[in-house]
Amino acid sequence: MEKNKTIGVLGGVGCLSIQERLWRYLKSQRIHPALLFVGPEKEIKLEVAKGMAKFLFCSNKTETAFCRECSHCKRIEKEIHPDVYLFKDETEEGLKIEVVREMIGQMRVSPIEGPHKICIIEEAHRMNSSAANAFLKTLEEPGEGRFFILTTTQAGSILPTVLSRCIEFTFRPENDGPKLSLETEKKYRDLFIEVSKTKNFSQIHSHLNEKEDALKFLQFLQSEIYRSLLAIEVRNSQPPMFKSLTSHELTLKFESVIALEGQLRSNANYGLMLESLLRQHFSGVSL
């Protein structure tokens with residue numbers, strides 16, 4: 001797959017590595033009902049959120065891009081699609097509980113034009129505590145085909161219980177470089193190779209001491225799986241980490257890592273969960 005096609009799915013701007021991860025996530029067809037886009041650029045996050053909505057609704061999409069020209073794409077772009085709700089915080093008071101209740105009511109109604117309903121909430125950190133608590137129950141039981149995309153410039157101001165139910169994608173300016181340093185990537189790669197060769201998956205506990213470290217390790221795995229998929233699709237000359245796996249096998253492993261990331265955010269026992277993931281999905285992998 002060419003990189004320009006990856007950009008085409010999600011809007012054509014912003015941090016390329018995030019768009020690659022989101023594209024692979026969309027292709028897995030196992031989308032978590034609550035996504036959180038974090039980063040300094042409001043416009044970029046909104047454009048990508050709308051791009052995801054277009055990809056889900058597009059009448060003429062290909063495997064890697066929405067068409068931009070069908071009725072769904074045009075109405076989502078104009079913010080008038082009946083099944084895609086956009087809540088912008090344009091007041092000084094922040095998002096009040098009345099606004100959140102309106103959103104909850106709209107998301108409970110059956111879709112008008114398809115199997116999905118999508119709600120995009122800009123600057124979600126501006127929900128007051130009452131609004132956030134009212135929103136929490138909807139996140140716990142979102143309903144079939146309901147998706148919420150929250151964007152924020154201040155993730156630390158979002159209610160922790162809301163954060164724990166979202167899969168987070170961090171947008172960074174392109175010139176900031178990769179999210180993980182080369183030193184950190186090498187640390188995770190060496191750790192993964194060591195536990196894979198020895199089959200001593202329980203030692204993952206002692207090397208990842210905090211949940212945040214465990215989440216970064218999962219993101220490292222996602223990146224390595226994606227690189228391996230990309231190597232298959234464009235015949236990249238650089239040897240990938242998972243060179244022995246097929247595209248189908250890689251996609252299944254990507255889905256399992258993404259699913260665990262969502263579970264990990266609401267479960268404290270990250271060590272055992274990571275050990276179980278590695279033992280179940282990576283124990284037979286040749287490196």
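This is a predicted model: local features need pLDDT of at least 70, side-chain atom pairs count only at pLDDT 80 or more; totals for chains, interfaces and linings use all residues.
Is Lys-50 buried or exposed in this model? At 8% relative accessibility, Lys-50 counts as buried.

View 1. The structure holds 10 salt bridges. In one of them, Glu-77 meets Lys-50 with an N to O distance of 3.8 Å. This pair links distant parts of the chain, with Glu-77 in helix α4 (residues 71-77) and Lys-50 in helix α3, 27 residues apart. Glu-77 also forms a salt bridge with Lys-54, at 2.4 Å from N to O. Because Lys-54 belongs to helix α3 and Glu-77 to helix α4, this pair ties together parts that are 23 residues apart in sequence. Lys-54 is buried, with a relative accessible area of 7%, while Glu-77 is partly exposed at 43%.

**View 2. Arg-165 and Glu-140 form a salt bridge.** The distance from N to O is 3.0 Å. Arg-165 counts as partly exposed at 26% relative accessibility, and Glu-140 counts as partly exposed at 44%. Elsewhere, salt bridges that share partners join Lys-50, Lys-54, Glu-77 and Glu-79 into one network.

**View 3. Phe-135 and Phe-148 form an edge-to-face pair.** The count of aromatic pairs comes to 8. In this one, the ring centres lie 5.4 Å apart, with 75° between the planes. Phe-135 is in helix α6 (residues 129-140) and Phe-148 is in strand β4 (residues 146-152), 13 residues apart. Phe-135 is buried, with a relative accessible area of 0%. Phe-148 counts as buried too, at 1% relative accessibility.

**View 4. Tyr-188 and Phe-217 pair edge-to-face.** The ring centres are 5.6 Å apart and the planes stand at 80°. With Tyr-188 in helix α8 (residues 182-198) and Phe-217 in helix α10 (residues 211-234), the pair ties together parts that are 29 residues apart in sequence. Tyr-188 is buried at 1% relative accessible area, and Phe-217 is buried at 0%. Ring pairs link Tyr-188, Phe-217 and Phe-220 into a cluster.

**View 5. Lysines sit over the rings of Phe-55 and Phe-282.** The charged end of Lys-61 is 4.7 Å from the centre of the Phe-55 ring. Lys-253 lies over the face of Phe-282, at 5.4 Å from the ring centre.

**View 6. The largest cavity holds about 60 Å³ of space.** A search of the whole structure finds 2 cavities of 30 Å³ or more. Residues lining the largest cavity include Ile-31, His-32, Met-52, Leu-56, Ile-118 and Phe-148. Two or more lining residues come from each of β1 (34-38), α3 (42-57) and β4. The lining divides into 11 nonpolar residues, 1 polar and no charged.

**View 7. The second largest cavity has a volume of about 40 Å³.** Its lining is made up of Phe-87, Leu-95, Val-99, Val-100, Met-103, Ile-121 and Met-127. Helix α5 (residues 97-108) gives the most to this lining, with 3 residues. By class, the lining has 7 nonpolar residues, no polar and no charged.

Notes:
Residues are numbered from 1 along each chain as its sequence is written. Side-chain values use heavy atoms; hydrogens and water are left out. Rings of Phe, Tyr and Trp (its six-membered ring) pair if their centres lie within 6.5 Å; planes under 30 degrees apart count as stacked, over 60 as edge-to-face and the rest as tilted. Helices (H or I, at least four residues) and strands (E, at least two) are DSSP runs, numbered from the N terminus. Buried means under 20% relative accessible area, exposed over 50%, partly exposed in between (1.4 Å probe, protein chains only). A charge sits over a ring if NZ of Lys or CZ of Arg is within 6 Å of the ring centre and within 35 degrees of the ring normal. On a 1 Å grid over the protein atoms alone, a cavity is a set of points where a 1.4 Å probe fits but cannot get out, and a pocket is an open set with protein on both sides within 12 Å along at least five of seven lines; lining residues have an atom within 4 Å of a point. Grid points are joined across faces, edges and corners, and a volume is the space filled by probe spheres set on the points. Ala, Val, Leu, Ile, Met, Phe, Trp, Tyr, Cys and Pro count as nonpolar, Asp, Glu, Lys and Arg as charged, and the others, Gly among them, as polar. A salt bridge is a side-chain nitrogen of Lys or Arg within 4 Å of a carboxyl oxygen of Asp or Glu.
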